[in-house]
Amino acid sequence: MTEPRAKAVHYTDVPAQVFGDAAPGVTIRWVIDEEHDGAPNYALRVIEVAPGGHTPDHDHPYEHENYVIEGQGRVRLGEAWCEVGPGSVIFVPAGLRHQYVNAGDTPFTFLCGIPTSRLMPAGIR
């Protein structure tokens, strides 16, 4: 692991990665992570969902903590759908099926915190 380094940058200084075909219109920025910053416990990502875009409907064995920055979205938490917007917070427990959908005509942008690899279950990234 990289030695932890302090950092203060604008999130757009971190390159956006296209999520892929499973998530049309979605980019992700790993603004604080283990690899580049030496963050020992949690990674922070900025996820941007374009109008009409969505993440995959999925689950995994680790939690998410989210804070909505801008836009309007719908979030699937298990079988329930929740409307969210700026200032909304979302907690996705490990193992819960979830999906994020842009429900508006402007970008839907949110922070997403996840554990680093040392806190992930064995065999997870």
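Which residues does Arg76 touch, not counting residues up to four places away in sequence?

1. **Arg76.** This is a predicted model. In it, Arg76 touches Asp57, Trp81, Arg97, His98 and Gln99, leaving aside residues up to four places away in sequence. Arg76 sits in strand β5, residues 73-77. Arg76 is buried because its relative accessible area is 10%, under the 20% cut-off. Leu96 is 20 residues from Arg76 along the chain, and their C-alpha atoms are separated by 9.5 Å.

2. **Sheet order.** An open sheet has 6 strands. Their order is β1-β2-β3-β9-β4-β7, and the pairing is antiparallel. The edge strands are β1 (17-18) and β7, since each pairs on one side only. In general, the strands of a sheet pair through backbone hydrogen bonds, either parallel or antiparallel.

3. β1 and strand β2 (residues 26-32) run antiparallel. They are joined by 2 bridges. Across this pair, Gln17 stands opposite Ile28 in β2.

4. **Arg29 in β2.** Strand β2 also holds Arg29. Is Arg29 buried or exposed? Arg29 counts as buried because its relative accessibility is 12%. Not counting residues up to four places away in sequence, Arg29 touches Tyr11, Thr12, Val14, Pro15, Ala16, Leu44, Arg45, Val46 and Glu48.

5. His64 stands opposite Val92 in β7.

6. **Two faces of β7.** Which residues of β7 make its covered face, and which its uncovered one? Ile90 and Val92 make the covered face. Val89 and Phe91 make the uncovered face. In a regular strand, side chains alternate between the two faces of the sheet.

7. Val89 counts as exposed because its relative accessibility is 65%, and the cut-off for exposed is over 50%. Together with Tyr67 and Ile69, Val89 makes a nonpolar surface patch of about 300 Å².

8. **Cysteines.** How many disulfides does a search of the whole structure find? The search finds 0. The sulfur of Cys82 has its closest cysteine sulfur in Cys112, 16 Å away, so the two are too far apart for a bond. A disulfide needs the sulfur atoms within 2.5 Å. Cys82 counts as partly exposed because its relative accessibility is 30%, whereas Cys112 counts as buried because its value is 1%.

9. **Thr2.** Thr2 is placed in the segment before β1. Thr2 counts as partly exposed because its relative accessibility is 24%. Thr2 touches Glu34, Glu35, His36 and Gly38, not counting residues up to four places away in sequence. Ile47 is 45 residues from Thr2 along the chain, and their C-alpha atoms are separated by 24 Å.

How values were computed. Residues are numbered from 1 along each chain as its sequence is written. This is a predicted model: local features need pLDDT of at least 70, side-chain atom pairs count only at pLDDT 80 or more; totals for chains, interfaces and linings use all residues. Side-chain values use heavy atoms; hydrogens and water are left out. Patches are made of residues with over 30% relative accessible area and no salt bridge: like charges are joined within 9 Å, nonpolar side chains (Val, Leu, Ile, Met, Phe, Trp, Tyr) within 5 Å. Accessible areas come from the Shrake-Rupley method with a 1.4 Å probe; for residues, only the protein chains shown count as cover. A salt bridge is a side-chain nitrogen of Lys or Arg within 4 Å of a carboxyl oxygen of Asp or Glu. Buried means under 20% relative accessible area, exposed over 50%, partly exposed in between (1.4 Å probe, protein chains only). Two strands pair if DSSP finds at least two bridges between them. Helices (H or I, at least four residues) and strands (E, at least two) are DSSP runs, numbered from the N terminus. Contact means heavy atoms within 4.5 Å.
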